[in-house]
Amino acid sequence: SNKYMNMAIVGAKRYIAATGIGFTAGFTLGLCGWGGAQVIKPALTSGYMGLSQLSASGCSLTSLSGAATVGATKFYMDDQVDLKRAISIAVPSMFGVRMGLRMAQKMSSELQALIFNGMSVILIPSYFLIQQRALKNDETETGINEERTNEGVSSLSSSASSSFLVSTDYISLAKNSVFGGCLGMLTSIMGVGGVPLVMSYLTLTSDCPHHLIQGTAMAACLPPVLISALSLGFSGHTPLALAASVALGSMAGSFGGAHFALHLSENQLRQVYMASLVVLGGRSLVASLGNVSRLMKMKKW
């Protein structure tokens with residue numbers, strides 16, 4: 001009797017912890033546009049939760065599906081999503097997902113962890129530099145507009161939202177398709193949502209505001225994340241009950257994070273995003289060094 005009671009208590013604590021992990025990840029995703037997997041995967045593969053990298057990826061992708069749905073819907077209701085651009089990225093990414101998942105299922109857990117942390121170390125500084133450049137461009141543009149106003153010259157530039165919502169031409173469509181295919185493959189291997197990749201891509205290829213970029217990126221990443229989550233679930237790699245707990249928490253957290261993000265100014269939201277890159281990027285660097293050390297000892301390159 002006491003044995004079963006203790007097992008029930010331990011199990012309940014794990015599910016409560018999973019819900020808390022999901023809430024933290026969802027809030028981070030809703031507020032910053034990324035970071036869900038960087039919270040979920042290390043937490044679920046810790047000694048307390050004890051999941052393998054592939055199972056943690058399944059839980060991560062399942063919860064990110066729910067969180068991205070809530071976050072993207074919140075941004076869409078505030079007119080901060082360009083559906084045409086999101087669809088042009090999402091559709092080809094769904095084909096890349098299949099290839100990436102096949103590769104991921106053939107890798108050892110330690111190698112998957114190295115790819116996740118190693119790629120994070122490579123990508124996160126590039127995200128930061130791109131946002132830093134965009135921040136400087138925003139400040140320059142603000143200064144130019146102020147000078148025009150002081151001189152009594154009307155601004156000739158249309159709103160960033162209007163220019164972003166114009167139908168993409170064939171060249172842009174081709175670029176989005178290639179990017180989407182690569183996005184699907186990389187995110188399925190890493191077990192992440194890929195929102196910061198899309199945000200960086202849109203920052204480089206458009207002059208749209210950060211809120212619109214974040215909302216569009218979340219909408220673009222939703223289909224490939226959902227396909228990855230379903231594939232891992234049907235193949236038996238995802239502990240469904242635990243994934244449901246993480247997903248429940250992440251959806252609640254994502255709503256709160258997105259609500260908070262929409263009340264921040266353009267510069268404030270970009271600075272929050274850049275701060276998250278520094279914090280989570282540092283964690284990934286330390287973790288990747290540990291992965292390399294363990295792999296060298298195991299000789300499983």
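The model is predicted: local features need pLDDT of at least 70, side-chain atom pairs count only at pLDDT 80 or more, and totals for chains, interfaces and linings use all residues. Residues are numbered from 1 along each chain as its sequence is written, and side-chain values use heavy atoms, with hydrogens and water left out.

**Helix pairs**

Helices here are DSSP runs (H or I, at least four residues) numbered from the N terminus. Axes are lines fitted to C-alpha atoms over the stretch in contact, with angles from 0 to 180 degrees between N-to-C directions.

- Helix α7 (residues 170-190) and helix α8 (residues 195-205) have axes that come within 10 Å and cross at roughly 160 degrees.
- α7 and α8 are therefore roughly antiparallel to each other (angles over 145 degrees count as roughly antiparallel, under 35 as roughly parallel, 65 to 115 as roughly perpendicular and the rest as oblique).
- In contact (heavy atoms within 4.5 Å), Lys-175, Asn-176, Phe-179, Leu-183, Leu-186 and Thr-187 of α7 meet Leu-197, Val-198 and Tyr-201 of α8.
- The residues of this α7 and α8 contact are six nonpolar, two polar and one charged (Ala, Val, Leu, Ile, Met, Phe, Trp, Tyr, Cys and Pro count as nonpolar, Asp, Glu, Lys and Arg as charged, and the others, Gly among them, as polar).
- For α8 and α9, the axes come within 8 Å and cross at roughly 130 degrees, and the two helices are therefore oblique to each other.
- On the α8 side, Val-195, Val-198, Met-199, Leu-202 and Thr-203 take part, meeting α9 residues that include His-210, Ile-213 and Cys-221.
- The α8 and α9 contact divides into nine nonpolar, four polar and no charged residues.

**Largest cavity**

- A search of the whole structure finds three cavities of 30 Å³ or more (on a 1 Å grid over the protein atoms alone, a cavity is a set of points where a 1.4 Å probe fits but cannot get out, a pocket is an open set with protein on both sides within 12 Å along at least five of seven lines, and lining residues have an atom within 4 Å of a point).
- The largest cavity has a volume of about 200 Å³, a volume being the space filled by probe spheres set on grid points joined across faces, edges and corners.
- Its lining has 20 residues, with Val-192, Gly-193, Gly-194, Val-195 and Pro-196 nearest the centre.
- α5 gives the largest share of this cavity's lining, four residues.

**Second largest pocket**

- The second largest pocket has a volume of about 160 Å³.
- Among its 13 lining residues, Ala-72, Val-81, Leu-83, Ala-219 and Leu-222 lie nearest the centre.
- This pocket's lining has 11 nonpolar, two polar and no charged residues.
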